[in-house]
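Visitor: I am new to this structure and would like to go through a few of its parts. Please show it to me.

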Amino acid sequence: MQGIKVLKFGGTSVANAAVIRKVKEIVTGTNSQLTAVVVSAMGGVTDLLIKSAMAASDGTKAYKDFLTEIKQRHYTALEELLGEDQEDTKKQIDQYLTQLDTLLEGATLTGEMTPRLLDKIISHGELMSATQINAFFKQEGLPSSFKDSRELILTNETFGGAQVYRNTSYDNCDEFAKDNPSGICVFPGFIGATERGETTTLGRGGSDFTAALLAAGFGADELQIWTDVSGMFTANPKLVRQARAIPRLSYEEAMELSHFGAKVLYPPTIQPVLEKQIPIRIKNTFEPEDEGTLIAASTGDNGKTVRGISYIPDISLLSLEGPGMVGIPGISKRFFEVLSHAGINISLITQASSEHSICLGLNTADVHKAEKLTNEAFEFEIGRKQIKPVIVETNLAIIALVGDQMKSHQGLSGKMFSTLGRNNVNIRAIAQGASERNISAVIDRDDVKKALNTLHEAFFEEQTRQLNLFVVGVGNVGRKFLDQLQNQSIYLKDHLKIRIRIIGISNSRTMVFNEHGIDLKDWESALSKGIAANLEDFFRTTRELNLRNSILVDNTASAEVAVMYPNYLKENIAVVTCNKIACSSSMELYRELKDLSREFNAPFLFETNVGAGLPIIDTLKNLIVSGDTVIRIEAVLSGSLNFIFNHFNDQTTFHDVVKRAHTEGYTEPDPRIDLSGTDVMRKILILARESGYDMEMTAIDNLGFLPQKCLDAPSVESFYESLKEEEAHFQDLWKEAGYEDSSLKYVARFSDGKAEVALQKIPVGHEFEGLKGSDNVVLFYTNRYPEQPLMVKGAGAGAEVTASGIFADIIRIGNF
């Protein structure tokens, strides 16, 4: 059995009778001779006390409503914990409530609320909580007693955040431990007393601090902080779902993490136990079997560099700069003194080596006060234009990497900043201590969640990359794509370390979003229950979710979707598309999309624009980047037309074959796009542009084969009717090719900066002659392949292969 343990239970751990019973089980299982139990007020009671105080100071009787609620909370707990034996304890609670009523009544008469009075009022939350818990322990047969912390912890008279006289307090604790060597003692946290016996509070996180002071004063074997999470995590689990508890931290690492927003532990808590080398264990009241986090002198794990990622929200930057600062001693001292005298805390400092500027990170609540005071302090220099008026930037946050071993590893800063940069997280300021135990960066507040998840993925998730997809279009191609993704999700995670989530889906009628991922087994049902589809709203939601590695997947042939691509790329959202409209529209838009992709580090991939799943564009890109030059391109680029002419003969009708191609998913929704040659024109245009040539659609010669009547058809239905009426024309084309022992293929050619598309008779033995079904083929004649071209050949149409091409582009992004 160990000597002394101190266990602290926070507000959520003593919020009601059910959890207080859990506390009793935990305390009962503690293997120590003396167990000091420090408790906070019941969850929410401190807030009610503050509200009652504010109401009283406003001169109203509304404070009584808050007192009634506080009374009911404690009465309910007493009834459930003590039953018929509650009367004595209820009288004690009533005495505290009477004291509260007297204090609050006085505040209504004076119309003011001093820090001294507020401390007296809010101290009652911990006193009532400790009283009822001690009574419950005693009823359960535990050797428990109550001790008022104000008798041990001596402070100055800084009400609301009193400073502790540690030596005297430790002496008091030592005397108490000598007089009470065994058993259980319940202490109210958060409170102390002055030499004159006036009640003080220890500020934010004061109950943790109480427990640490008692642990140090008692010379405890261990301090346990029991809360509602299972230790300190690698990141905030509310923002990073993959965050996990850290088994062990050094005191210094824990202090850094708690300073940068890890709310499990209040930073001053560590100081008293650090001095006495008393280990701290963070445990979960609701999951007591979880390992939790042990904080001690050494982590015992030299293999880990970054131990956690934390952040401070609501930060603003205050920048002082000007030529009059260079080489002038004392500027920094004056700047810091202004803020110090005003009680303004500084979270981050960075200064240019030229001494031209100093930048400070402050809590946003203090920044305008700091701005006013600083401008007043440097009024003379500002008037002479030696220093500029203070520059204030708001809506920011600080993120920080923390770890004892970071100083011995090169490249961590570079990895941190490049990871953020790839996800378009702009860094406003950087700071790193000489100990290199943390690297801090100031970023936009709206980027915090994305930054935390991005960094956590980079430093903690074994290089598993999560991609967040926003899918527009769930017709033939879109449906096949989602099916393939569902079937391959486990393989991608296990073999490629890629985790793909569908965050948004839209068709022409409805759209649905789920930040945690849409269940692909039930996406149709989810979409049917979605809200009305709107492309602007779809983009706005995608941008506001601001998820790392976001990708727009366009499975449509819609011009309205295509014109939205620049908006996505500017937000660092990648675009993967089988929609040819964007890349085959104006050269200006094509260049803009390419430039935006480079500027905002957002991939823009469109392999399926030509040849569906065939690696045609990728092959061409590799030729160009390796220094080759395209001389000529010859290609059969329409799987639709190839399917149609491979199945059309004198035993069929052209109308029926086109219908079949449409039914089997080989044509566009409007088959006129395919049969008019427009689709092939777009494809050869894209290949020409990818080859490095500037070309517009209007420069391509289209030697069409459709009669004018078919081209002039006002609708898809009337187009099909015109095919029936022009059947003789199509039979003549087939017969003419037969007479020459040739087959019909719709061919695209590009050479010397010129392009054309036409239906041609292909003789036996030609590379195009043996194309079957919906196959495509592309012949690249280049400086390296001048006579024998580089050939890419295979299935070039159909929902299945197009979906697989989209899938492949997404995997390329995952492997970037």
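Guide: Two strands pair if DSSP finds at least two bridges between them. The model shown here is predicted.

Visitor: Which residue in β26 stands opposite A635?
Guide: Strand β24 covers residues 630–636 and runs antiparallel to β26, with four bridges joining them. Within this pairing, the residue of β26 that stands opposite A635 is A748.

Visitor: Which residue in β27 is the bridge partner of V747?
Guide: Strand β27, residues 754–763, pairs with β26 in the antiparallel sense over 10 bridges. In β27, the partner of V747 is A758.

Visitor: Which residue in the turn of the β26 and β27 hairpin has a positive phi?
Guide: The hairpin leaves two residues between β26 and β27. A positive phi of about 55 degrees belongs to one residue in that turn, D752.

Visitor: Why is β26 largely enclosed by the rest of the structure?
Guide: Buried means under 20% relative accessible area. Strand β26 spans residues 742–751, and it is largely enclosed because, of its 10 residues, the number buried is seven.

Visitor: Within what arc do the buried residues of α6 fall, seen down its axis?
Guide: Helix α6 has 14 residues, 166–179. Its buried residues include S169, Y170 and C173, along with F176 and A177. The buried residues line one face of α6, because seen down the axis they fall within an arc of 120 degrees.

Visitor: Which exposed residues does the face of α6 turned away from its buried side carry?
Guide: Exposed means over 50% relative accessible area. On the face of α6 turned away from the buried side, the exposed residues are N167, D171, K178 and D179.

Methods
Residues are numbered from 1 along each chain as its sequence is written. This is a predicted model: local features need pLDDT of at least 70, side-chain atom pairs count only at pLDDT 80 or more; totals for chains, interfaces and linings use all residues. Side-chain values use heavy atoms; hydrogens and water are left out. Buried means under 20% relative accessible area, exposed over 50%, partly exposed in between (1.4 Å probe, protein chains only). The expected span of a helix is 1.5 Å times one less than its number of residues. The arc is that of the directions from the helix axis to the C-beta atoms.
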